[in-house]
Amino acid sequence: MRIGLPKEVKTEEYRVALTPDKVAELVRSGHTVLVEKGAGEGSGFADSAYHEAGARLVPTPADVFAEADLVVKVKEPQPQEYELLRRRQVLFTYLHLAAYPDVAHALLRSGVIAIAYETVQLPDGQLPLLIPMSEIAGRMAPLIGAYYLQRPLGGKGRLMPGTPGTRSAHVVVIGAGTAGTNAARIASAMGARVTLLDRNQERLRQAEASIPGRLTTLFSTYATIGESVAQADVVVGAVLVPGARAPKVVTREMVESMARGSVIIDISVDQGGCVETTRRTTHASPVYTVNGVIHYAVDNMPGAYPQTASIALSNAVFPYLLRLATLGIPRALQEDPTLAKGVNTYQGRVTYPAVAQALGLPYTPLAEAIASLG
Ligand SMILES: NC(=O)c1ccc[n+]([C@@H]2O[C@H](COP(=O)([O-])OP(=O)(O)OC[C@H]3O[C@@H](n4cnc5c(N)ncnc54)[C@H](O)[C@@H]3O)[C@@H](O)[C@H]2O)c1
């Protein structure tokens, strides 16, 4: 199979989906890998490393998209990439279509087979291609919260770990999944008091057993979220309903109940955000203020640490990519239910129920789409 690796074009996005060692593995397995010049530069991987791995370096994104049977990326296609997509070409990347209707329509128009990293799902419900980025975003959140609590940046001026005789910061984390537990773990390690909320008792139980420090776990309801948020110095939003828009668990009134100079980090922004006052921001301009409360809502947080993120993403993506390339499409999708769950659009049809529902579009089961379109 011809696999294409373009350079990311989203604002301040420096990650790359495949590191040179994974490219070498694909080439060793008999596949051709086309890499756009400069694709790995932002993560510290030089063109020469891809060349040595056996990749064919090409000068433009158009060269990658025109030749590749499968394009592997990091973020959803940007407008300048829409017209490069081709019917029956496979696009393997983060998509978050419920939050990006324009992207969904572009994919449907193009007729690509779009496999979203975030909906590739193991039989036990885990999301193996979301986990590494959620781990990074979760670990970043307390660092960002601690940074923006500084008074000169508009924060309330409370040092996250406090000092002997002073209060440490109170960090409230909503969602005890991968991002949330990683946020709670780092916040706790930084000396904060941490409250972690979820509706899944088992997740709370696991968090309590594994996170040392001053951790309180609460079953998530409108009331417990409201009480916790009102007392928080830092709120981390990390809820997820796979494929769907995030529920707005923090209302505008709750934000208004927070002290000025508090910080909200809405990690769930890539699914539309779980805080009513959230609007998407970028690394170039990451924060804004509502009622004196600082909001951070960057939808590609791990892009800030591309070295770590590219290696973690490439490690996670590689086994699935190899299966797709080796078995071919649609056999890989028919034989591997984990990968099949990732298919969001198939040659013009929406094949993921939550995405169809969120966008108000008709849903076609994948097996039906494959049977009728091949
Ligand atoms: N902004 C970024 O750069 C970035 C990076 C990585 C992940 N994310 C996003 O972070 C979010 C969380 O990802 P994850 O991997 O941790 O997901 P996850 O599935 O591991 O965890 C989500 C948790 O939310 C809980 N939840 C659902 N509804 C809830 C509610 N009403 N109240 C409390 N908890 C609720 C679930 O029970 C689950 O434990 C996703 O939207 C993901 O796309 C964003």
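Predicted model: local features only at pLDDT ≥ 70, side-chain atom pairs only at ≥ 80, totals over all residues.
By pocket I mean an open set of points, on a 1 Å grid over the protein atoms alone, with protein on both sides within 12 Å along at least five of seven lines; lining residues have an atom within 4 Å of a point.

Residues are numbered from 1 along each chain as its sequence is written, and side-chain values use heavy atoms, with hydrogens and water left out.

Sixteen residues line this pocket, and Lys10, Glu76, Gln78, Tyr100 and Arg280 lie nearest its centre. Helix α5 (101–110) gives the most to the lining, with 3 residues, and α4 (79–82) also supplies at least two. Helices here are DSSP runs of H or I with at least four residues, and strands are runs of E with at least two, numbered from the N terminus. Domain 1 (2–119 + 305–373) and domain 2 (131–299) each provide at least three lining residues; the bounds come from an automatic or database domain assignment.

I turn now to the ligand. Its shell has 29 residues, the closest being Ser134, Ala179, Asp198, Asp270 and Met301; a residue is counted if one of its heavy atoms lies within 4 Å. Which element gives the largest share of this shell? That is α6, with 3 residues.

Polar contacts, pairs of N or O atoms within 3.5 Å, follow. A polar side-chain atom of Asp270 is 2.7 Å from an oxygen atom of the ligand. For Ser220, a polar side-chain atom lies 2.9 Å from a ligand nitrogen atom, and for Arg199 a side-chain N or O atom is 3.5 Å from a nitrogen atom of the ligand. Of the 870 Å² of accessible area that the ligand has on its own, the protein covers 91%, by the Shrake-Rupley method with a 1.4 Å probe.

Finally, the backbone. Most residues other than glycine have a negative phi, and most peptide bonds are trans. Glu12, however, has a positive phi near 55° and sits in the loop between β1 (2–5) and α1 (20–28). Ile329 and Pro330 are joined by a cis peptide bond, with omega about 5°, and Pro330 is in the loop between α11 (306–327) and α12 (331–335).

How values were computed: Polar contact = N/O pair within 3.5 Å; in protein donor to acceptor, adjacent residues only side chain to side chain. 1 Å grid on protein atoms, 1.4 Å probe; cavity = no way out; pocket = protein on both sides within 12 Å on 5 of 7 lines; lining within 4 Å.
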